[in-house]
Amino acid sequence: MIGWQRKSLMMSVTVIIISYFNDPKVAEITPKMISSYKAKRYGSGLKPATINRELSMLSKAFNLDTGLRATAQSIVGDFDAVPLKCVLWMLKNNLVHVI
């Protein structure tokens with residue numbers, strides 16, 4: 001996948017995820033919410049590969065949020081979870097690297 005195609009895909013996935021979850025902080029997303037999201041996406045007739053890509057992006061957001069919280073807590077001492085749209089924006093723009 002070419003760079004601009006990857007960015008375009010990540011942008012559309014970001015919009016879909018944020019619109020479904022109403023832009024909560026990453027820490028506010030529960031397993032029940034994710035199950036509901038998966039059921040809705042499967043119910044809309046999407047292929048499993050599409051849903052897996054979306055869930056992969058969400059998983060990266062969780063991993064990144066955990067790292068950001070740990071870093072900020074070590075510097076500031078107290079840190080609330082980052083809003084989901086901020087984390088997805090950083091991933092989309094290659095501002096961070098998730099292992």
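**View 1. The whole chain and its helices.** Helices (H or I, at least four residues) and strands (E, at least two) are taken here as DSSP runs, numbered from the N terminus. By that reading, the secondary structure of the chain comes to four helices and zero strands, and along the sequence the pattern is α-α-α-α. The model is predicted, with local features needing pLDDT of at least 70 and side-chain atom pairs counted only at pLDDT 80 or more, whereas totals for chains, interfaces and linings use all residues. Residues are numbered from 1 along each chain as its sequence is written, and side-chain values use heavy atoms, with hydrogens and water left out.

**View 2. Surface and contacts of the chain.** The accessible surface, computed by the Shrake-Rupley method with a 1.4 Å probe and, for residues, with only the protein chains shown counting as cover, comes to about 6300 Å², of which 59% belongs to carbon and sulfur atoms. Of the 99 residues of the chain, 28% count as buried, a term that means under 20% relative accessible area, while exposed means over 50% and partly exposed lies in between (1.4 Å probe, protein chains only). Where a contact means heavy atoms within 4.5 Å, residues 24 or more positions apart account for 64% of the contacts in the chain with a separation of 6 or more.

**View 3. The largest nonpolar core.** A nonpolar core is a set of buried Ala, Val, Leu, Ile, Met, Phe, Trp, Tyr and Cys residues joined through side-chain atoms within 4.5 Å. The largest one in this model has 18 residues, and those with the most contacts inside it are Ile17, Phe21, Leu58, Ala61, Leu84 and Leu88. Two or more residues each are given to this core by α1 (3-21), α3 (48-76) and α4, and α3 gives the most, with six residues. Leaving aside neighbours within four places in sequence, leucine 88 is in contact with Thr14, Ile17, Ile18, Met57 and Ala61.

**View 4. Lysine 85 in helix α4.** Lysine 85 is found in helix α4, which covers residues 84-92, and it counts as partly exposed because its relative accessibility is 45%. Beyond its neighbours within four places in sequence, lysine 85 is in contact with Ile18 and Asp23. Serine 19 is 66 residues away from lysine 85 in sequence, yet the two are 9.8 Å apart in space, C-alpha to C-alpha.

**View 5. Arginine 41 in helix α2.** Arginine 41 lies in helix α2, residues 31-43, and counts as buried because its relative accessibility is 17%. Apart from neighbours within four places in sequence, arginine 41 is in contact with Ile16, Leu46, Ile51 and Glu54.
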